[in-house]
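Please read them with the structure open.

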Amino acid sequence: MNKLLPLKDTVKPRIGLYTIGLQAYWNQFPGLRERLIEYGEFIEKKMSAWGEIYNYGLVDTVGEGRNVGEWLNSNNVDLVFCHAATYSTSSTVLPIHQICKAPVIFLNLQPSARINYDQTTTGEWLAHCGACPIPEFSNAFNRAEIPFHVVNGLLGLNYTPAISLTNEITHERKEAIRAWKEISEWIRAAAVSRTLQSSRFGFLGNTYSGMLDMYSDFTMLQAQTGIHIEVLEMCELNQLVSEVSESEISEKMDEIFEMFEISGDSPSDPIAKKPSQDQMEWSCKVAAAQEKLVRECNLDALSYYYHGSPGGEYEKLQSGFIVGHSLLTARGIPCAGEGDLKTALAMKICDILGVGGSFSEIVVVDYEDETILLGHDGPFHIAISEGKPILRGMGLYHGKQGTGVSVEAKVKSGPLTTLNVTQTGNGKLKLIISEAESTNGPTMKIGNTQTPVKFKKHPDEYMTQWFAEAPTHHCAISIGHNASLFEKVGKLLNIPTVTL
């Protein structure tokens, strides 16, 4: 069995698509109608790489527009693309989106980079005038208070239709590449909103006492994102731990050796040691129970923390959390420590988009390299690790009770983006996004995840700006430069977004 198989199937967004035109044109310009339908079918096929596409086809009258709105509603679409293939009246398009409330994106995708000026006919020009109705639509939608977005660029065909009088092979042009990057990001962002609407987040234990930035209203989180929060009890997990068999422990041990490197003693930190056999077996036993809890409660993410009384049964239980929660995070069930639900949400957004999402906070600033070290004592998203993560035995969890096994790892070198989900004074969520680079700078050998991150500004300037946005003190690290992608998620969730 492949240990990295996700515990949940990927949810694809449901995407509506239609092409617009003006019915009066069809008898006047033979072949134009069929040509525009062909363009729409090309768009449908290309979009299907990212979502389930519901293509209504051509819409060319007011009455047909009303039918489209009802049809889109019947298919429960998350997002609608209006392909502005030629001119159409705004009275045809506006009713569609007065009936269907899903967000709308206008596609102004010209088929060719340049028309054949000497030979072009009126019919040929009409196949290239998708930009013509967009100002009319934007005015009508603005007055109707319906939000909209526009993607401008080239269609990106890799062939020229027989009817065309010019070269329509544009798939390698920057205008087509940029437009399709935007389209793919909108569809991927729609996957986030659809997935969250059916997601179950577990909340195990409590929030770390005194961390006021992390306290959240469960109803507020559901109201703004659609997630359900299942409150879990430590006794539920403890019961599952008591039922774990020796074979299940052995299976988890194999999984751990596949994914982690087991450390020796730290050369610098006396509390970071080679994990003992007892610590490893306990982490495996707890990890097996954690997976059972996720399956039984049908969880899509988890936020956890438990203090426990010194020497108590639950203190021992929570000491084994980090390894199992790292394994779950690697399999599509992001786990955020210290009871931080908002960062669990940030990690889930990253994971849905396939860009990681590792639990982090500011560790220390390196003024020589002008980097900020981001990390935590776990969990870690193994899928974005630079090499195999290391397991270290911890004689003491700093600031917490108990001992156990922790993860020492670094996010792979290259572009990264941090995503912070915070809550403002009026109770609203806010996304804070920062693009940066993961460097090959030095890290400590203390059993914590650590990534040296070089932001686009001096560390002091960056921190001044970040602190001014009142973030939650944790964030999710994703790989790649994802600001425009995360911004689209914010727009579709109607969550204010700031990019630093």
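1. Two strands are taken to pair if DSSP finds at least two bridges between them. The model is a predicted one. On that basis, an open sheet of five strands can be traced in the order E2-E1-E3-E4-E5, and the pairing is parallel. E2 and strand E5 (148-154) each have a single partner strand and stand at the edges, so one side of each lacks a neighbour in the sheet. From one strand to the next, the twist averages 20 degrees.

2. E1 and E2 run parallel and are joined by seven bridges. Within this pair, Ile-15 stands opposite Ile-53 in E2. Helix H3 packs on the sheet and touches E1, E2 and E3. The direction of H3 makes about 170 degrees with that of E2. Helix H6 also packs on the sheet, where it touches E1, E4 and E5. For H6, the angle with the direction of E4 is about 170 degrees.

3. Is helix H4 mostly covered or mostly open? H4 (residues 90-99) is mostly covered, with seven of its 10 residues buried. The buried residues are Ser-90, Thr-92, Val-93, Leu-94, Pro-95, Ile-96 and His-97. Their cover includes strands E1 (14-20), E2 (52-59), E3 (79-83) and E4 (104-110), together with helices H3 (62-74) and H6 (134-143).

4. His-381 lies in the loop between E13 and strand E14 (390-394). Residues count as buried under 20% relative accessible area. The value for His-381 is 4%, so His-381 is buried. Which residues does His-381 contact, leaving aside neighbours within four places in sequence? They are Thr-329, Ala-330, Asp-351, Gly-356, Gly-357 and Ser-358.

5. Rolling a probe the size of a water molecule over the atoms shows where empty space is left. In this model, the count is four cavities of 30 Å³ or more. The second largest cavity has a volume of about 60 Å³. Its lining is made up of Ile-362, Ile-372, Leu-374, Thr-418, Asn-420, Phe-455, Tyr-462, Trp-466 and Cys-475. Strand E13 (371-376), strand E16 (414-423) and helix H15 (459-468) are the elements that give two or more residues to this lining.

6. What is the make-up of the lining of the second largest cavity in nonpolar, polar and charged residues? Seven of the lining residues are nonpolar and two are polar, while no charged residue takes part.

Methods. Residues numbered from 1 in each chain as written. Predicted model: local features only at pLDDT ≥ 70, side-chain atom pairs only at ≥ 80, totals over all residues. Heavy atoms only, no water. 1 Å grid on protein atoms, 1.4 Å probe; cavity = no way out; pocket = protein on both sides within 12 Å on 5 of 7 lines; lining within 4 Å. Points joined across faces, edges and corners; volume = space filled by probe spheres on them. Helix = DSSP H or I, 4+ residues; strand = E, 2+ residues; numbered from the N terminus. Nonpolar A, V, L, I, M, F, W, Y, C, P; charged D, E, K, R; others polar. Buried < 20%, exposed > 50% of the residue type's maximum accessible area, 1.4 Å probe, protein only. Contact = heavy atoms within 4.5 Å. Axes fitted to C-alpha atoms, helices over the stretch in contact; angles between N-to-C directions.
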